[in-house]
Amino acid sequence: MKLNHFTDFSMRVLMYLNQKKDSPQSSLDDLANAFKISRNHLVKVVQFLAANQLVLTKRGKNGGISISEKAKQTPLGDLIHLLEQDDSPIVNCDAKPCVFKSHNCKLKSLFNKAYLLFIESLNESNLSDLEFNDWNYIFENNPNAQNNS
């Protein structure tokens, strides 16, 4: 299964915020620099995450973005399903009318079953299972990332 860019960016943000222990808040600029992702893309990601109570946002001088308890406790499969924003992410027989639809085609049901197993498997883990032991090293020695730990 291929995840969309929005899900990819959202998971990066959640993993990053979950890993930050010394200074739990980050700015959009911190995130954009850390991941080399457009700030505009991240605005949409953070707005969605905040609307779904997965991050907390605070404006002003001492403001920033931090991870919520809800995000920490939500199983990964449920996060992925929410972030994908699609109830039938693999096969949509109605997107372009399919000639097989009225002939008892089993492709959609097989893919839906596989998707549910995918989500169920991911639900065995949460964000804490994705933490890195070498967090500071990642940002110190990666030319594609900036140290924002």
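Q: Which residue takes a positive phi just after α3?
A: This model is predicted, so local features need pLDDT of at least 70 and side-chain atom pairs count only at pLDDT 80 or more, whereas totals for chains, interfaces and linings use all residues. Residues are numbered from 1 along each chain as its sequence is written, and side-chain values use heavy atoms, with hydrogens and water left out. Helices (H or I, at least four residues) and strands (E, at least two) are DSSP runs, numbered from the N terminus. Just after α3, Gln-53 takes a positive phi of about 60°.

Q: What does the length of α3 show?
A: The expected span of a helix is 1.5 Å times one less than its number of residues. For the 13 residues of α3 this gives 18 Å, and the end C-alpha atoms are 18 Å apart, which agrees.

Q: Which residues of α3 are buried, and which are exposed?
A: Buried means under 20% relative accessible area, exposed over 50%, and partly exposed in between (1.4 Å probe, protein chains only). In α3, the buried residues include Leu-42, Val-45, Val-46, Phe-48 and Leu-49. They cover an arc of only 160° around the axis, which puts them on the same side of α3; the arc is that of the directions from the helix axis to the C-beta atoms. Asn-40, Lys-44, Gln-47 and Ala-51 are exposed on the other side of α3.

Q: What do the buried residues of α3 pack against?
A: Contact means heavy atoms within 4.5 Å. The buried residues of α3 pack against α1, α2, β1 (55-58), β2 (64-67) and α5 (76-84). Val-45 has 1% relative accessibility and so counts as buried. Not counting residues up to four places away in sequence, Val-45 touches Phe-6, Phe-9, Ser-10 and Val-13.

Q: How many aromatic pairs does a search of the whole structure find?
A: Rings of Phe, Tyr and Trp (its six-membered ring) pair if their centres lie within 6.5 Å; planes under 30 degrees apart count as stacked, over 60 as edge-to-face and the rest as tilted. The search of the whole structure finds three such pairs. In one of them, the rings of Tyr-16 and Phe-35 have centres 5.4 Å apart and planes at 70°, so the pair is edge-to-face. Tyr-16 lies in helix α1 (residues 5-19) and Phe-35 in helix α2 (residues 28-35), so the pair ties together parts that are 19 residues apart in sequence. Both Tyr-16 and Phe-35 are buried.
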